[in-house]
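Q: Could you walk me through this structure? I would like to start with the ligand and then move on to the fold.

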Amino acid sequence: MISSERIPNNVDLSSNKRLQRALEHWQPKYLEWWNEMGPADFQEHHHVYLRTAISVDPHGWVHYDYVKLPEYRWGIFLAEPVQDRKIGFGDFYGADVWQEVPGEFRNPLRRLVVTQGDTEPASVEQQRLLGRGCPSLYDLRNLFQVNVEEGRHLWAMVYLLHSYFGRDGRDEAEELLERHSGDDDKPRILEAFNEPIENWLDYFMFTMFTDRDGKSQLLSLSESSLDPLSRTTRFMLTEEAHHMFVGESGISRILERTCELLREHTGLSEDVRKVGGIDLEMIQRHLNAWFSMSLDLHGSEVSTNAASYFANGLKGRAYEESFEDHKALHGTYQVDAFVEGNFVTRDVPIRTAMNEILRDWYVADCKKGVERWNKILERHGLSDRLYLPDRKFNRHIGIYSETRFDPWGRVISAEEWERQRTTWLPTPDDKAYLKNIMAHPVFEPGKFANYIAPPSKGVNRLPVDFEYVRRED
Ligand code: BYC
Ligand code: FE
Ligand code: FE
């Protein structure tokens, strides 16, 4: 990488003047978007201790330093090419991977890249106001770390659009900055990215469950026959790990603190809200909401789109090499459908079940996280446990979206749903309570809001009370 370049990269941008000019033309629009839609209140005077990707070398890919947010150096990095890489699945199994976009797959590939790209700035927009109620400087810094990296993920997709999709790609790159999360006229493409992230409980659940859909989708795109897409998404996955760490450890620390408050003040059976903590029921409701929304992000259980993505080698399964039959032409997959009041197990061609197969991987990965959370409750002697709701619960996409299910997967009536929804999903009362306990930011180094425990260690081996965000006028 040549660090003096306006756009840091490992794609030899300076030897492709046309592309370089196109990206340098997009860059000021990106910065305008970042200033307007990125983290509110912390752009001008604050220096944030951040990691910046500077190469793809596994031993030294990041550099840590203080940086002002708008001066962050968003770069374009693709994982190193795999020599002689072959197509790993679908009808073209075994052929050479593509370095250019085949004309016949231009539209679906563009659509995949645009859908992926759209989520990245959307999440920054959703999290824009969270800094105002941060539980600590450590958490504030992690929020901004995630935000700048989602910004970089947008750059990754815009690089592909500009390099491989010509005029249409350039137009799509502009539109990625014109749609906005929650906008009535021009919303973001996928549902979960138009939902508000109002508080830090939402935020940690989002980074736990929705960023993990990012991991699902990036794993499957990293199998793509389009080699530049594969390499870009492979490098994005290294950053994604930190986002999920933020979510999982954030909830762990809330649980830790809730248990502590219960023991210290009220005895294990009392209302922890009386001493400013977050009760397990409220945590479970937020888990239910973000998990079910993130299940929706995997698409319909039975999908001809997914089948043709797989057949054509555009989007594979997570860890495709762990499967035996890479063409998936013959097998069937069992899907529990619900037809006229009854469950029926339908055998569907395996290719049409690719969304569901990816969702299986996702659910298993989430489950491990919830088990780690439950270890905390167990250690503190509580008998309550968190759980993942059944995958049919609260769905808005796919075959379960027409029927109401409870969190255990049982069919319920619309009236029953209305009666129970406040026990299963976040309520206005939850939101008001969270707003209240998160009304004031905690800016003193080493101090934490009352509802959350400190982390066990700081960032990059620095102490927990390091001044991760510093104001300078
Ligand atoms: N909301 O055949 P179907 C991340 C549409 S997160 C609204 O079931 P398909 C991140 C669908 O477009 C990862 N609409 O689905 C995380 C289709 O429309 P048409 C993001 C939806 O095509 C945190 C119709 O419903 N990456 O990176 O298999 C922070 C029937 O579709 C939704 C990707 O998603 C929905 N949830 O689509 C920052 C990867 N689901 O054809 C970042 C790229 C489906 O009827 N996208 N529809 O007009 C894909 O691979 C696929 O498009 C989907 C599933 C996974 C979204
Ligand atoms: Fe991302
Ligand atoms: Fe992420």
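Q: How many residues surround ligand 1, and which are the closest?
A: There are 25 residues around ligand 1, and the closest are G214, G299, S300, S303 and N305; a residue counts as near if its C-beta atom, placed from the backbone, lies within 6 Å of the molecule. This is a predicted model, in which local features need pLDDT of at least 70 and side-chain atom pairs count only at pLDDT 80 or more, while totals for chains, interfaces and linings use all residues. Residues are numbered from 1 along each chain as its sequence is written, and chains are lettered from A and ligands numbered from 1 in the order in which they are written.

Q: Which elements give two or more residues to that shell?
A: Those are α2 (106–126), α5 (200–221) and α8 (304–311), with α2 giving the most, six residues. Helices (H or I, at least four residues) and strands (E, at least two) are DSSP runs, numbered from the N terminus.

Q: And how does the shell divide into nonpolar, polar and charged?
A: Five residues of the shell around ligand 1 are nonpolar, 13 are polar and seven are charged. Here Ala, Val, Leu, Ile, Met, Phe, Trp, Tyr, Cys and Pro count as nonpolar, Asp, Glu, Lys and Arg as charged, and the others, Gly among them, as polar.

Q: Stepping back, how many helices and strands does the chain have?
A: The chain has eleven helices and seven strands, and its C-alpha trace spans about 65 × 65 × 40 Å along the principal axes. Of its 473 residues, 44% count as buried, meaning that 20 or more other C-beta atoms lie within 10 Å of a residue's own, against 12 or fewer for exposed and anything in between for partly exposed, with C-beta atoms placed from the backbone.

Q: What is the strand order in the open sheet of three strands?
A: The order is β2-β1-β7, with antiparallel pairing, where two strands pair if DSSP finds at least two bridges between them. The edge strands, each pairing on one side only, are β2 (62–68) and β7 (469–471), and the twist averages 30 degrees from one strand to the next. Strand β1 (residues 46–53) pairs with β2 over seven bridges, and Y49 stands opposite Y66 in β2.

Q: Which strands does helix α3 lie across?
A: Helix α3 (residues 137–164) lies across β1 and β7 and runs at about 50 degrees to β1; axes are lines fitted to C-alpha atoms, for helices over the stretch in contact, and angles run from 0 to 180 degrees between N-to-C directions. Contact means that the C-beta atoms of two residues, placed from the backbone, lie within 7 Å.

Q: What about D296, buried or exposed?
A: D296, found in helix α7 (residues 280–296), is buried, with 20 other C-beta atoms within 10 Å. Not counting residues up to four places away in sequence, D296 touches E191, A192, R395, H396 and I397.
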